[in-house]
Amino acid sequence: MSEGSSVTEPSASSGPLAGYSAAIKDMYDIAGTRTGGGNPDWLRHAKPATRNANAIQKILDAGATVIGKT
């Protein structure tokens, strides 16, 4: 994922966070995106994550939609 781009990660259709959107700090892996921890050099060399970080998966399972990284 490059700076300024966004990601929409599918979420559960119901749950306590259904209908809410979340922007994720760039220290958590989101499947298919690169994680740089706010460091452009790390981001440039990072490979896309193969799975979501546990914390992100819990947010998705609760129904929130991930719309991007910050």
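Predicted model: local features only at pLDDT ≥ 70, side-chain atom pairs only at ≥ 80, totals over all residues.
## Basis

Local features need pLDDT of at least 70 and side-chain atom pairs count only at pLDDT 80 or more, while totals for chains, interfaces and linings use all residues. Residues are numbered from 1 along each chain as its sequence is written, and side-chain values use heavy atoms, without hydrogens and water.

## Strands 1 and 2

Strand 1 covers residues 21-24 and runs parallel to strand 2, residues 65-69, with 4 bridges joining them. Strands (E, at least two residues) and helices (H or I, at least four) are DSSP runs numbered from the N terminus; two strands pair if DSSP finds at least two bridges between them. Thr65 in strand 2 is the bridge partner of Ser21.

In a regular strand the side chains alternate between the two faces of the sheet. In strand 1, Ala22 and Ile24 point to one face and are buried (under 20% relative accessible area, 1.4 Å probe, protein chains only).

## Asn52

Asn52 lies in the loop between helix 1 (40-45) and helix 2, and is buried at a relative accessible area of 9%. A polar atom of the Asn52 side chain lies 2.8 Å from the backbone nitrogen of Ala31.

Notes:
Buried < 20%, exposed > 50% of the residue type's maximum accessible area, 1.4 Å probe, protein only. Polar contact = N/O pair within 3.5 Å; in protein donor to acceptor, adjacent residues only side chain to side chain.
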